[in-house]
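I opened this notebook to record what I looked up in one model, entry by entry.

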Amino acid sequence: MKLLTISLAVTLSMMAGAHAADWGLKTGTVDLKSAGALAMGPDGILFVGDPKGGAVFAIAADADAKSARATSLNLTDVTAAISQVVGGDVTINDIAANPASGSVFVSGSAGSQAVLVRIDSEGKVTAVDLKNAKFAKAELADAPDDREVGEGRRRSNPRNDSITDLSFFEGKVLVSGLRSSGSPSSVREINFPFHAADKGVGVQIFHAAHGREEDYAAMRTFVPLMIDGEPALLGAYVCTPLVRIDLKDLEAGGDKVKATTVAELGNRNRPLDMIRYTKGDQEYLLLSNSARGVMKITTAGLSSNKGLTSPVSGGGVAGQTYDSVESMNGVVQMDKLSETQAVILVDNNGSLDLKTVELP
């Protein structure tokens, strides 16, 4: 029995190594300078956005996880639980779920230290090993300089928004954020396994609440999807236009694309996170917001939506319709766990709780 156990362990280790090799991963220390946006990839690979370092990492963070079992997480004050594992006061930036294992990954910071932990399907919190990891790195070709610019309330460091969201879609990592070029708002496509990261494509949108064309603000969150059989993404910006970009336009090789504004969802609001799912025979988006709760937005009619071209004033809404999901008030981050469930991070009067819920 002992020999069989050793043989099985060696076999599993060889399989994990083969997967790592297939994806171009090498063993070493992951030099994360920050841990921001997260996205799950194939074979338990976690994509981690490092805006401070201007890079995207692919880490075999869940390659040895067991197959998924029924998951029902209900962790109160998950920030405190993570702090006990990594030390220091923790700020959470993003979460990502692995449907294959039921694991949930959490990124954040403790002081100047990047934080990356895994919460398994039973709620156990462990730090992801970054000192002896299988990983690959793609450096952004044109991340903004790491320095503060602007004056007064508008003073900021654009490097912090070099990566605002990530998604793995059709063999590529899609990245939203800012670049150093003349049109700062950008979307990048990075082939995986990683080679060189492209310089990104500038994105111009019609911001209906502002009544003008803009290309300087970062897309805050997005989801990729198919529209009439063609790959596209829907992205949300502050104050709150929802735009469509056809991926073929990104691949055309130009320096800038013009997005189609398919909805205006209200001013004085910051979109926080977005997921896509199907209920019955209808596809929906869930969009969490700083000031307008969680919106359930239909994707019906996207192919015929020609876009908004006139101002929408007074906090009004237009375009794709939505319902407010009152049962998800307070949700700041979320990810799809299965065809029927999502994992959500909920602000409960200052305490962040991690829960599994049914998709509405």
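The entries below follow the order in which I consulted the structure, which is a predicted model.

**Entry 1: cavities**

I then turned to the second largest cavity, which holds about 40 Å³ of space. Which residues line the second largest cavity? I listed Ser185, Val203, Ile205, His207, Glu214, Asp215, Tyr216, Ala217 and Tyr237. Strand E14, residues 201-207, gives the most to this lining, with 3 residues. Sorted by class, I noted 5 nonpolar, 2 polar and 2 charged residues in the lining.

**Entry 2: a lysine without a salt bridge**

I located Lys296 in strand E23, which covers residues 294-298. Lys296 is buried, yet I found no salt bridge for it. The nearest side chain of opposite charge belongs to Asp323, 6.1 Å away. A salt bridge requires the nitrogen and the carboxyl oxygen to be within 4 Å. What does the side chain of Lys296 reach? I recorded the backbone oxygen of Pro360, at 3.3 Å.

**Entry 3: salt bridges**

How many salt bridges does the structure hold? I noted 16, and I looked up several of them individually.

I began with Lys52 and Asp146, whose side chains meet at 3.2 Å, N to O. Lys52 lies in the loop between strands E3 (45-50) and E4 (55-60), and Asp146 in the loop between strands E10 (133-139) and E11 (165-169), so the pair ties together parts that are 94 residues apart in sequence. I classed Lys52 as partly exposed, at 33% relative accessibility. Asp146 is likewise partly exposed, at 39%.

I went on to Lys172 and Glu189, which form a salt bridge with their closest N and O atoms 3.8 Å apart. This pair links distant parts of the chain, with Lys172 in strand E12 (residues 172-178) and Glu189 in strand E13, 17 residues apart.

I then looked up Lys258 and Glu213, whose side chains meet in a salt bridge at 3.4 Å, N to O. Lys258 is in strand E19 (residues 256-258) and Glu213 in strand E15 (residues 212-214), so the pair ties together parts that are 45 residues apart in sequence. Glu213 is partly exposed, with a relative accessible area of 37%. I also recorded a network in which salt bridges that share partners join Lys172, Glu189 and Glu251.

**Entry 4: backbone geometry**

I found that the peptide bond from Phe192 to Pro193 is cis, with omega near 10°. Pro193 sits in the loop between strand E13 (185-191) and E14.

Asp228 has a positive phi of about 55° and is found in the loop between strand E16 (221-227) and strand E17 (230-236). Is Asp228 buried or exposed? I noted it as exposed, with a relative accessible area of 66%. Asn349 also has a positive phi of about 55°, and I placed it in the loop between strand E27 (341-348) and strand E28 (351-358). Asn349 is exposed, with a relative accessible area of 79%.

**Entry 5: a sequence-distant pair**

I finished with Thr356, which lies in strand E28. Its relative accessibility is 15%, so Thr356 counts as buried. Thr356 and Asn98 are 258 residues apart in sequence, and I recorded 13 Å between their C-alpha atoms.

How values were computed
Residues numbered from 1 in each chain as written. Predicted model: local features only at pLDDT ≥ 70, side-chain atom pairs only at ≥ 80, totals over all residues. Heavy atoms only, no water. 1 Å grid on protein atoms, 1.4 Å probe; cavity = no way out; pocket = protein on both sides within 12 Å on 5 of 7 lines; lining within 4 Å. Points joined across faces, edges and corners; volume = space filled by probe spheres on them. Helix = DSSP H or I, 4+ residues; strand = E, 2+ residues; numbered from the N terminus. Nonpolar A, V, L, I, M, F, W, Y, C, P; charged D, E, K, R; others polar. Buried < 20%, exposed > 50% of the residue type's maximum accessible area, 1.4 Å probe, protein only. Lys, Arg positive; Asp, Glu negative; His and termini not counted. Polar contact = N/O pair within 3.5 Å; in protein donor to acceptor, adjacent residues only side chain to side chain.
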